[in-house]
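Welcome! Please open the sequence and the structure side by side before reading on.

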Amino acid sequence: MSDSEPELEARLVAEESFDPPASFTEQANVADPALYDGFDAEWPECWEQAADLLDWEASYDTVLDDSQPPFFEWFTGGSLNASTNCLDRHLDDRGEEAAIEWVGEPTDEANETYTYAELHREVNEFAAALRGLGVEEDDVVTMYMPMLPELPVAMLACARIGAPHSVVFAGFSADALATRMEAADSEYLVTCDGYYRRGDALDHFEKAADGLDAVAHDVTTVVVDRLGADDHGHDLSDDHHDYDTLVADHAGATVDPVARDAEDMLFLMYTSGTTGQPKGVKHTTGGYLSWVSWTSQAVLDVKPEDTYFCSADIGWITGHSYIVYGPLALGTTTMLYEGAPDYPARDRLWEIVERYDATQLYTAPTAIRAFMKWGTEHVDAHDLSSLRLLGTVGEPINPRAWNWYYEHVGDGECPVVDTWWQTETGGMMVTTLPGVSRMKPGAAGRPLPGVDAQVVGPNGESVEPGQAGYLTVQKPWPGMLRTLYQNDERYVEEYWAEFSDTDSDDPDDWVYFPEDGAKVDEDGYITVLGRVDDVINVSGHRLGTMEIESAIVGCEGVAEAAVVGGDHEVKGEAVYAYVITEDGQPESDAFREEIVGAVEDAIGPIARPESVQFTPELPKTRSGKIMRRLLEDVANDDDLGDTSTLRNPEIVQEL
């Protein structure tokens, strides 16, 4: 880490702030501001409130065992089963109510509703089938699937028999699948023949088969028939089993849920690493499930009678925590959507919200910026009055996009929770409590009650309000990762070494560092500035890309922007901006100068872009993240390298 601190002079947070609507606060699950002080005073016992949301097979002895930092353990001595908590305990009161509403992409296709009783039955049948295939407790079962209802069925079936699952995003390559299966020593795969995307029936089976060819050990594979033989018919070999046949063969079967120790692994999730090798993030049963249950009811205000819509993919941690485990643990109706938000038309998402009377919408700033670009007429064409709360996840949201979301989607009546967290934290860490907190567009909010998140300088010292620093978490929390799979040394080095005394046995000397830059204001609201490596060094001045991008997007007529550093003979690095304009905005030299002026006004002449290039798209991964590395290559006229992981590789050549 550099000794230089990021320089933050940009107006990243709007001056105007908003109280939660009184009508929301009156019904909110959490509406007592004293919760913050109470949790701090009672830490760590405060997290018994999260554990109390679950049913335990055996009660825990200790809330937190911090005797071997940073290998913290939560709710030790307790045992439970995640499938029981998501299904069995709801059957008496919610058995005939919808657990999952699944919406396929083709609009002429019948969608599917799974009641809690139906989901419970199919989970039991598939759990019995997995056992019949040889899956035993602690075997890792890999799932390489899109947004099909059989994916949460498979996850919960694994949880029922004590077999951790490892979900690989369907958009990843065959090589990525092979790498993750090898790393997890996984001998079982659940996949599908294909799925629909933007009107096309994609052949997923062949990609999965290519991945399996690169796995050294034998793999038993279950294939879900999504498309049918009319689209991509595949002959299954002896090592392949048809999902529907397996379930039918075990019709009516019941499987006693396996009591898992609170610290037993629930799932692995592989995330990208700085060395290029993916990291196997290990989440456990008791701490993780209590964390996502508590944050779902406190931040997303989830209630059993809701129809809750998160537009993420289950292949990412957001889908695990806030499509599957959190909502189902609370007994609500959770929605799964297979397709793209703008297919077959740009009002597809709003049509779904209206049709199902969705009560919450949790989506990404990337999507919101696209909605802005497309125009308000698509939103205005639908009745969205069922919505009670809006949320964002995945990256910081700038004030302009926040206000658009608040005004046009929520009609100024829905609180917006701008949530900061990551795969490793398991669930939300920094955000407003919607029934309690005033909202500041551009700022994520205060750390949640009981979460000790602080912004510090390069040596771990406190920073002044408004000054840039590094986001840290000073105390453990129940949803945290426990380690990296079979790599404790890398776990310490990746997440704890920067600000901790790694020779100490005192838990107070261990500080978690997520590698994000941030600043904090006088009210304790944290604004996340992006990854600490997303910094441009202009003439010795370290400028965060997010602060420059926020200034650009603040210009009327800009839909989205990405900023990177490019080589410069005098400055060392210069600012290069790539800008998507809103429909109807001329891409003129005058508008370029307006953008440059906005950056100078917000930050200063030091941040003046060397170049402003208009583009119809930005290079993005299939999860929606901007590939700034490729934009840097364009700015420096370097070899572009591999672009196969992009969802729109053609845009790089255009740029």
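How many bridges join strand 4 to strand 5, and do the two run parallel or antiparallel? There are four bridges, and strands 4 and 5 run antiparallel. Keep in mind that this is a predicted model.

**Strand 4 and its partners**
- Strand 4 spans residues 98-103, and six of its six residues are buried.
- On one partner, strand 5 (residues 112-115), you can find Tyr114, which is the bridge partner of Ile100.
- Strand 4 is also joined to strand 17 (residues 333-337) by four bridges, and here the strands run parallel.
- Within strand 17, look for Leu336, the bridge partner of Trp102.
- A handy rule for looking at strands: in a regular strand, side chains alternate between the two faces of the sheet.

**Helix 14**
- Helix 14 covers residues 348-356, and its buried residues include Trp350, Ile352 and Tyr356.
- Arg348, Leu349 and Val353 in helix 14 are buried too.
- After helix 14 comes Asp357, with a positive phi near 55 degrees.

**The second largest pocket**
- The volume of the second largest pocket is about 350 Å³.
- It is lined by 20 residues, and the closest to its centre are Asp40, Pro447, Val451, Asp452 and Ala453.
- Helix 2 (35-41) and strand 21 (453-456) are the elements that each give two or more residues to this lining.
- Sorted by class, the lining has 11 nonpolar, four polar and five charged residues.

Key:
Residues are numbered from 1 along each chain as its sequence is written. This is a predicted model: local features need pLDDT of at least 70, side-chain atom pairs count only at pLDDT 80 or more; totals for chains, interfaces and linings use all residues. Side-chain values use heavy atoms; hydrogens and water are left out. Buried means under 20% relative accessible area, exposed over 50%, partly exposed in between (1.4 Å probe, protein chains only). Two strands pair if DSSP finds at least two bridges between them. On a 1 Å grid over the protein atoms alone, a cavity is a set of points where a 1.4 Å probe fits but cannot get out, and a pocket is an open set with protein on both sides within 12 Å along at least five of seven lines; lining residues have an atom within 4 Å of a point. Grid points are joined across faces, edges and corners, and a volume is the space filled by probe spheres set on the points. Ala, Val, Leu, Ile, Met, Phe, Trp, Tyr, Cys and Pro count as nonpolar, Asp, Glu, Lys and Arg as charged, and the others, Gly among them, as polar.
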